[in-house]
There are 4 protein chains.
Amino acid sequence: MDTKIKKIAVFTSGGDSPGMNAAIRSVVRTCAFMKIECVGIYRGYEGMIEGDFLPMNARSVNNIINKGGTILKSARCEEFKTREGRQKAYDQLKSEGVDAMVVIGGDGSFTGALLFNEEFGMPVIGIPGTIDNDIFGTRYTLGFDTAINTAMEVIDKIRDTASSHHRLFFVEVMGRDVGHIALNAGVGAGAEEILIPEENLGLERLLESLKRSKLTGKSSSIVVVAEGDKTTGKNVFQLKEYVEEHLPIYDVRVCVLGHMQRGGAPTCFDRVLASRMGVKAVEALLEGKSNLMVGILDDDIAFTPLSEAIKGKTKIDKELIRVSDIMST
Amino acid sequence: MDTKIKKIAVFTSGGDSPGMNAAIRSVVRTCAFMKIECVGIYRGYEGMIEGDFLPMNARSVNNIINKGGTILKSARCEEFKTREGRQKAYDQLKSEGVDAMVVIGGDGSFTGALLFNEEFGMPVIGIPGTIDNDIFGTRYTLGFDTAINTAMEVIDKIRDTASSHHRLFFVEVMGRDVGHIALNAGVGAGAEEILIPEENLGLERLLESLKRSKLTGKSSSIVVVAEGDKTTGKNVFQLKEYVEEHLPIYDVRVCVLGHMQRGGAPTCFDRVLASRMGVKAVEALLEGKSNLMVGILDDDIAFTPLSEAIKGKTKIDKELIRVSDIMST
Amino acid sequence: MDTKIKKIAVFTSGGDSPGMNAAIRSVVRTCAFMKIECVGIYRGYEGMIEGDFLPMNARSVNNIINKGGTILKSARCEEFKTREGRQKAYDQLKSEGVDAMVVIGGDGSFTGALLFNEEFGMPVIGIPGTIDNDIFGTRYTLGFDTAINTAMEVIDKIRDTASSHHRLFFVEVMGRDVGHIALNAGVGAGAEEILIPEENLGLERLLESLKRSKLTGKSSSIVVVAEGDKTTGKNVFQLKEYVEEHLPIYDVRVCVLGHMQRGGAPTCFDRVLASRMGVKAVEALLEGKSNLMVGILDDDIAFTPLSEAIKGKTKIDKELIRVSDIMST
Amino acid sequence: MDTKIKKIAVFTSGGDSPGMNAAIRSVVRTCAFMKIECVGIYRGYEGMIEGDFLPMNARSVNNIINKGGTILKSARCEEFKTREGRQKAYDQLKSEGVDAMVVIGGDGSFTGALLFNEEFGMPVIGIPGTIDNDIFGTRYTLGFDTAINTAMEVIDKIRDTASSHHRLFFVEVMGRDVGHIALNAGVGAGAEEILIPEENLGLERLLESLKRSKLTGKSSSIVVVAEGDKTTGKNVFQLKEYVEEHLPIYDVRVCVLGHMQRGGAPTCFDRVLASRMGVKAVEALLEGKSNLMVGILDDDIAFTPLSEAIKGKTKIDKELIRVSDIMST
């Protein structure tokens, strides 16, 4: 391969997600395989500005493929949003001899990388690491599959106690702007209703559905609510009150799953995806590409300009919403 | 065995806990083994009053040993607290031909059983089923071991994201009056501090400890808080605010685990314990005993009068509090 | 919908796989939603011949979405391979009033269904349920995602002990003719080498690779071997002997994972896939379609003629083999 | 505390078990808490002879409490069985300034430690780390609780497929001389029969039991066999053949769980136990004690002379064998 790239930097940025370590490992090992140097940057752009670097070889990433979180840590960085901050970062990279970089993160991280590239010409490839699955240009973001399994397994446990007591649970899962986690974990856990930002179910229909649910003899009900759902104008605690008032037959409880959804050992899907993405990211840099995101579309690795990735959103699967309706019969 | 008992009823009552199904299975199979009839009662005392019975044989309990919740359902019942309610319950049991009963539940359930026995002479043995581990006369209640593992595994996941971001998490676990879950899951998850009702740590010491934690270079902090802890005068959300105000260096998050701790497949310990307790409960009834709770003390099955079980509490393990302090060095 | 189909039968056949219950649930609930009758057949073609039927409504499939195995049981049936057997089966279906059927299984089950359709004109749609992922016309078979996670999690545990002792493990996973499980679970678990039927690695290269692995300082080695791999001419036990003879530096152990890979609660992916497939299977029948398999291609539900599904195989992912090579650097 | 001990060494030896890392962490943190130096020894006695030491402070053991295996590695060492080997080891310890040591391991490791103490007077405390639970002086060895859960969860999965196909499985679990894992995991998984070295069931009774099992309508059968069981004179593969010959009605399969039982994240019980044992081990050394093993008896930490620990065995729980018989009704 005829390339002038001799050293690649890799870092994680923004909210962490399961599979980030597997992606770091893949980038590092691909560099080793390609006889390219690799350096890890701690705490994303913050560490870049401070020059918090870690030279990494194939052995640096032993036994991390199955670890949640990110060994390189992550952070949000205000200073990088300034021209001065980015200049400092660039100087650090140059003095370390870095020729190109792989950023593992979401929208915000990609926006920074793009700007950085425009200003300093540093080649960059992005790997979409976020549990929310809300990045355009990839069917699956890294960590999404793990997060839906984590959420679903917890709802399975809640179901045990819900059906022992004929209770109704509102379970809030992550997803600030999108309902992917709610929809998939909800269908997987057999939820009676799923409230997501993309689809306005309405309070009326929710009540109707819960009434019917009782009538048809269901022993328990689980309503999964995406964190960012505004369609009912109520959060899970207000929903509880609303239902208790209008359907006093129900004994209602609330569960907010929260940050546990970001952690845990990644699933096989996420580890394989991370391994594939890391290889392609390094290869793309060595082929002289830049400003692209590695994604997976139609089961194949595909590249999308970072500029498009940060603008769009993956659409919610309308057909799966329909499946969900049918399943709650 | 020379006994006049020909039919035993079994039911679950109060909050459900993992292992209840394993205990039901054990009672049913022991009856089958002893050639005694067995009948399940749905929804605890409520179903008893309504005569909601299910004749059970060895095959009725196939493949339930690993299921969370309770196939016989559970409920809290106001009517049973009245003389009339209990009379109805007794009439139902008599018309079903029930000679004795095994109640799987906690304090409240045992109190009802004891009163019922006093009034109608129905022999009864209790099996302590609650995740809180707060019943006198047994080192472990049924479901406790599962609950501490569930809580700990979730905290492990939270740790992944906490240490990726150098964050502090307050994690609330169950335990309205007691800190057994918090203390064990906390030590198991390597929590930096554990707040329990039995021990007044104080806000001052919490701040000191968190300050020291930062100084010694810890990458994340988890403080586990028992639901019922009043020692700081603050709940987890107020603690977050308090710490953010006094230690702005910390980025604080809150997680309330909630009802997931009641569900899930029971651990091996809980299944074995349930199996042992069920056998002993039936044997005790056939030996003419009554008003006792089956417990485990010093690794052996032991009986405690129900009247004592409902009064006392298992003491918190002071030595383990000390271990926790040392571990957070 | 204008259709003459009033009653649909559903059954599982051949080797079981996680997600079969979720698929049964989906078929049953979709029938209920469409106001069509549904009947389950126990033990596949065997139960069909014996008329072992179970009328099912929406409530018959409560709380099974998360259960491994199949509540309708499965079996291989010699009698159905005879004309007489199939005649009996047809008579049973007719007397039960069945108009169409959904078969959940693999190659063999589909072959039988196709023949049955040719002879008696019974409309049939197939759902690919097998952990091996070896059916043409679908990127993922039902149960595959669960199986690779099960295998990978076990290899994670083996890794713990392998790296504590600097040992080499040969781990045999399922896959009689194909290496999909081995390749995915192997990459996911960070295996040093993966032996699959589709790719002739050769004993020489294996030894080379293991030698290099030691030299580069790896603390342990895992070689994942597909059950059906014949490329080395040796099974896992013979491989152990061979390596111990040629590389005495290695302390070698063997693990054959076996049937555990067929069981367990399905992953979210498999539950969602099963739900989607069940809906589409019933809809296809109601639209007058037959002799098709529901699959997933490029993230969308797609139909493939059963006649093609049983002939082809899903190709192994060559790119993933390359990723695996790079990852074991 | 008035003690001359300034530096304590800790190491793991023999077969690894889950919880060893938690014990290392506890020893290291207790030393830090007590202001004592601590040094880890890699690969047990082998590393001791080679002087493969690692100075450890409280931060050296961050985030290892939940990891399977042992970060200090383990090995069996022939050279330590010679006087010369032990002399080398002692010289290494002295030159490192080690005053006392904590050995985490089983019988063999304790025997070596005892001999070492006799010869060189090095104070030593043992922590029983082995999954087999076969060490006298402690109700639970470190790793046992995790191992029985691992085995049980795998058998749960096997049950899924066994009952889908009405099959009989022989499942071999670890336990070379003792049946603790088999008995507990077997009862927990609802095994129909459990074959252990301590109890001669006999082939006749096994056949009788399996016959009865079919008659009473069980849909599947699991027979758990301890690795070391010689009571039938047959291993699991021979048992399969024997049963197929004498009870052709059964479709029999075999599963050998193997080394996966040694790995995996430790359970809460094992982590808490490890934490408690580590504290007591260090405290005992500082109090001038030696040649003792820390164990848990009747729920309390208790010390047993190493010389007794290596001679005796924990007796099998006869009552649990009886429970097992009743449960398989």
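C:His166 sits in the loop between helix H5 (144-165) and strand S6 (167-173) of chain C, where helices (H or I, at least four residues) and strands (E, at least two) are DSSP runs numbered from the N terminus. C:His166 has a positive phi of about 55° although it is not a glycine. Most residues other than glycine have a negative phi. C:His166 is partly exposed, because its relative accessible area is 27%; buried means under 20% relative accessible area, exposed over 50%, and partly exposed in between (1.4 Å probe, protein chains only).

This is a predicted model, in which local features need pLDDT of at least 70 and side-chain atom pairs count only at pLDDT 80 or more, while totals for chains, interfaces and linings use all residues. Residues are numbered from 1 along each chain as its sequence is written, chains are lettered from A and ligands numbered from 1 in the order in which they are written, and side-chain values use heavy atoms, with hydrogens and water left out.

A positive phi, near 70°, is also found at A:Asp299, a residue other than glycine. A:Asp299 is placed in the loop between strand S10 (292-297) and strand S11 (300-305) of chain A, and with 12% relative accessibility A:Asp299 counts as buried.

**The interface of chain B and chain D**

Chain B and chain D each bring 54 residues to their contact, contact meaning heavy atoms within 4.5 Å. Together they bury about 4,400 Å², of which 53% is on carbon and sulfur atoms; buried area is the accessible area (1.4 Å probe) that two parts lose on being put together, summed over both. B:Cys268, B:Asp299 and B:Met327 supply 15% of the area that chain B buries against chain D, more than any other three residues.

The interface of chain B and chain D holds 10 salt bridges, a salt bridge being a side-chain nitrogen of Lys or Arg within 4 Å of a carboxyl oxygen of Asp or Glu. In one salt bridge, the side chains of D:Arg139 and B:Asp299 meet at 3.5 Å, N to O. On the side of chain B that touches chain D, at least two residues come from each of helix H1 (20-33), helix H5 (144-165), helix H6 (180-188), helix H9 (268-286) and helix H11 (318-327) of chain B. H9(B) gives the most to this side, with nine residues.

**Annotated positions in chain A**

An unreviewed UniProt entry places the feature "binding site" at positions including A:Arg25, A:Arg159, A:Gly190 and A:Lys218; UniProt positions are given in the numbering used here, feature names are shortened, and annotations may be inferred rather than shown by experiment. The annotated residues span 196 residues in sequence, and their farthest two C-alpha atoms are 51.5 Å apart, so they do not all gather at one spot.

A:Arg25 belongs to helix H1 (residues 20-33) of chain A and, at 3% relative accessibility, counts as buried. Not counting residues up to four places away in sequence, A:Arg25 touches A:Val61, A:Ile64, A:Ile65, A:Ser275, C:Gly190 and C:Met327. A:Gly190 lies in the loop between helix H6 (180-188) and strand S7 (193-195) of chain A and is likewise buried, at 8% relative accessibility. With the neighbours up to four places away in sequence again set aside, A:Gly190 touches A:Arg159, C:Arg25 and C:Ile65.

**Salt bridges within chains**

| Pair | N to O distance |
|---|---|
| A:Glu50 and A:Arg43 | 3.0 Å |
| B:Glu208 and B:Lys211 | 3.6 Å |
| C:Arg176 and C:Glu227 | 3.7 Å |

C:Arg176 lies in the loop between S6 and helix H6 (180-188) of chain C, and C:Glu227 in the loop between strand S8 (221-226) and helix H8 (236-246), so this pair ties together parts that are 51 residues apart in sequence. C:Arg176 is exposed, with a relative accessible area of 56%, whereas C:Glu227 is partly exposed at 27%. Salt bridges that share partners join A:Arg43, A:Glu46, A:Glu50 and A:Asp52 into one network.
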